[in-house]
Amino acid sequence: ILENPFQDAKANGISTFSIDVDAASYANIRRYLNANQLPPRDAVRLEEMINYFDYQYDAPRSGRDPFEVHTEVAPCPWNPQNRLMTIGIQGEKIDIGQLPASNLVFLIDVSGSMSSENKLPLVKQSLSMLTDQLRPSDRVAIVVYAGAAGLVLESTSGADKTKIKAALEALESGGSTAGGAGIKLAYETARKNL
């Protein structure tokens, strides 16, 4: 593990950063700790730990700006000669009720390589959480692939969460990988229910 070296802002006046939020490290570390294990060092990405939390930043005020920038400067705890700056970006908040209905197809690899606890069980848990967010107008279908591709759940209303979650829970891993056939079937299912 190599830490990034200190960069003098006078000599390096330009910096870039990503604005997509990835919170995977926090969830991964929580999984390790809940299993009474220390996470591997390379599983910890600092930006994913920081981005996990909701900082309650105000949304853009004008309605025409897509995001608002929030900054804060504080003394550096380990070197009083330096300052640390946090930069937070809050995008425009969109009312979910105003979004058009979604037509989702979950394409899930259920081959033997997905059997470990941090693969298919984690996918099932994540998609179950996503199912809780579906609206009655949303639809979801489930396509799986292993030795062959198959439609596990026909396009189903988001109101029928019990049926969707039961289909997810019934998934088991095994066999080889037929990814191409799964992708083709997933697209056909999405087109059919568009």
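Glutamine 90 is found in strand E2, residues 83-91 (helices, H or I with at least four residues, and strands, E with at least two, are DSSP runs numbered from the N terminus). This is a predicted model, in which local features need pLDDT of at least 70 and side-chain atom pairs count only at pLDDT 80 or more, while totals for chains, interfaces and linings use all residues. Residues are numbered from 1 along each chain as its sequence is written, and side-chain values use heavy atoms, with hydrogens and water left out.

Glutamine 90 has a relative accessible area of 16%, so it is buried (under 20% relative accessible area is buried, over 50% exposed and in between partly exposed, with a 1.4 Å probe and protein chains only). What surrounds glutamine 90? Leaving aside neighbours within four places in sequence, its contacts are Tyr57, Asp58, Ala59, Pro60, Pro66, Phe67, Glu68 and His70 (contact means heavy atoms within 4.5 Å).

Glutamine 56 sits in the loop between H2 and strand E1 (67-75). Its phi is positive, about 55°, although it is not a glycine. Most residues other than glycine have a negative phi. Glutamine 56 is exposed, because its relative accessible area is 61%.

Asparagine 36 is not a glycine, yet its phi is positive at about 55°. With a relative accessible area of 75%, asparagine 36 is exposed.

That brings us to the helix that asparagine 36 follows, H1. Within H1 (residues 24-34), the buried residues are Ser25, Ile29 and Tyr32. Seen down the axis of H1, these residues fall within an arc of 60°, so they line one face of the helix (the arc is that of the directions from the helix axis to the C-beta atoms). An α-helix has 3.6 residues a turn, so residues three or four places apart point the same way. Helix H2 (46-50) is included in what covers the buried residues of H1.

Asparagine 28, in H1, counts as partly exposed at 22% relative accessibility. Asparagine 28 and asparagine 118 are 90 residues apart in sequence but 8.7 Å apart in space, C-alpha to C-alpha. Setting aside neighbours within four places in sequence, arginine 31 is in contact with Asn118 and Leu122. From arginine 31 to serine 173 there are 142 residues in sequence and 21 Å in space, C-alpha to C-alpha.

The largest nonpolar core has 16 residues, of which Phe106, Ile108, Val110, Ile142 and Leu168 touch the most other members (a nonpolar core is a set of buried Ala, Val, Leu, Ile, Met, Phe, Trp, Tyr and Cys residues joined through side-chain atoms within 4.5 Å). At least two residues of this core come from each of strand E3 (103-109), H3, strand E4 (139-145) and H4. Phenylalanine 106 touches Leu127, Leu130, Thr131, Val140, Ala141, Ile142, Val143 and Leu168, not counting residues up to four places away in sequence.

How do H3 and H4 lie against each other? The axes of H3 (residues 120-131) and H4 (residues 161-169) come within 10 Å and cross at roughly 175° (axes are lines fitted to C-alpha atoms, for helices over the stretch in contact, and angles run from 0 to 180 degrees between N-to-C directions). H3 and H4 are therefore roughly antiparallel to each other (over 145 degrees; under 35 is roughly parallel, 65 to 115 roughly perpendicular and the rest oblique). On the H3 side, Lys124, Leu127, Ser128 and Thr131 meet Lys161, Ile164, Lys165, Leu168 and Glu169 of H4. By class, this contact has 3 nonpolar, 2 polar and 4 charged residues (Ala, Val, Leu, Ile, Met, Phe, Trp, Tyr, Cys and Pro count as nonpolar, Asp, Glu, Lys and Arg as charged, and the others, Gly among them, as polar).
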